[in-house]
Amino acid sequence: MMTLLNETPSQDSVHKCKKVAAWFKDVSSCPSQLKSFSDHLLQTAHSVYKQQPDHPNTRPVVSDVLTFLGSIKAWDKVLTISDKNHYKDLVS
């Protein structure tokens, strides 16, 4: 996970994040140990959106990040992404 956190945020890193998020999908709340990971996911979503806001793959990638954050109960980060990047329709 440390290697992943040191990678430049990109669409490719989202696929790696999916594997890490799967390890923690059954947590009852976002533990403090996952704060760095959830921060990385937040940064990745913002970076992907900023680099290519109108690219057809951007929305699905950001949606995946929202799903990962939701699975580790990082709801504050989900709301931050959905508000800032205008993806409120992805958050139910």
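User: Is Lys-73 buried, partly exposed or exposed?
Analyst: Lys-73 is partly exposed, at a relative accessible area of 27%. Here buried means under 20% relative accessible area, exposed means over 50%, and partly exposed lies in between, with a 1.4 Å probe and protein chains only.

User: What sort of model is this, and how are residues numbered?
Analyst: The model is predicted: local features need pLDDT of at least 70, side-chain atom pairs count only at pLDDT 80 or more, and totals for chains, interfaces and linings use all residues. Residues are numbered from 1 along each chain as its sequence is written, and side-chain values use heavy atoms, with hydrogens and water left out.

User: Where does Lys-73 lie?
Analyst: Lys-73 is in the loop between helix 4 (58-71) and helix 5 (75-84). Helices are DSSP runs of H or I with at least four residues, numbered from the N terminus.

User: And what is the phi of Lys-73?
Analyst: Its phi is positive, about 65°, although Lys-73 is not a glycine. This positive phi comes just after helix 4.

User: What span does helix 4 have?
Analyst: Helix 4 has 14 residues and reaches 20 Å from its first C-alpha to its last, close to the 20 Å expected at 1.5 Å a residue. The expected span is 1.5 Å times one less than the number of residues.

User: Which elements do the buried residues of helix 4 pack against?
Analyst: They pack against helix 2 (11-23), helix 3 (35-51) and helix 5. Among these buried residues are Val-61, Val-62, Phe-68 and Gly-70.

User: Which residues touch the most other members of the largest nonpolar core?
Analyst: Of its 22 residues, Phe-37, Leu-41, Val-65, Leu-69 and Ile-81 do. Helix 2, helix 3, helix 4 and helix 5 each supply at least two residues of this core, and helix 4 gives the most, with six. A nonpolar core is a set of buried Ala, Val, Leu, Ile, Met, Phe, Trp, Tyr and Cys residues joined through side-chain atoms within 4.5 Å.

User: What does Ile-81 touch?
Analyst: Not counting residues up to four places away in sequence, Ile-81 touches Leu-42, Ala-45, His-46, Val-62, Val-65, Leu-66, Leu-69 and His-86. Contact means heavy atoms within 4.5 Å.

User: Changing topic: is His-40 buried or exposed?
Analyst: His-40, in helix 3, counts as buried because its relative accessibility is 4%. Beyond residues up to four places away in sequence, His-40 touches Leu-4, Leu-5, Glu-7, Ser-13 and Cys-17.
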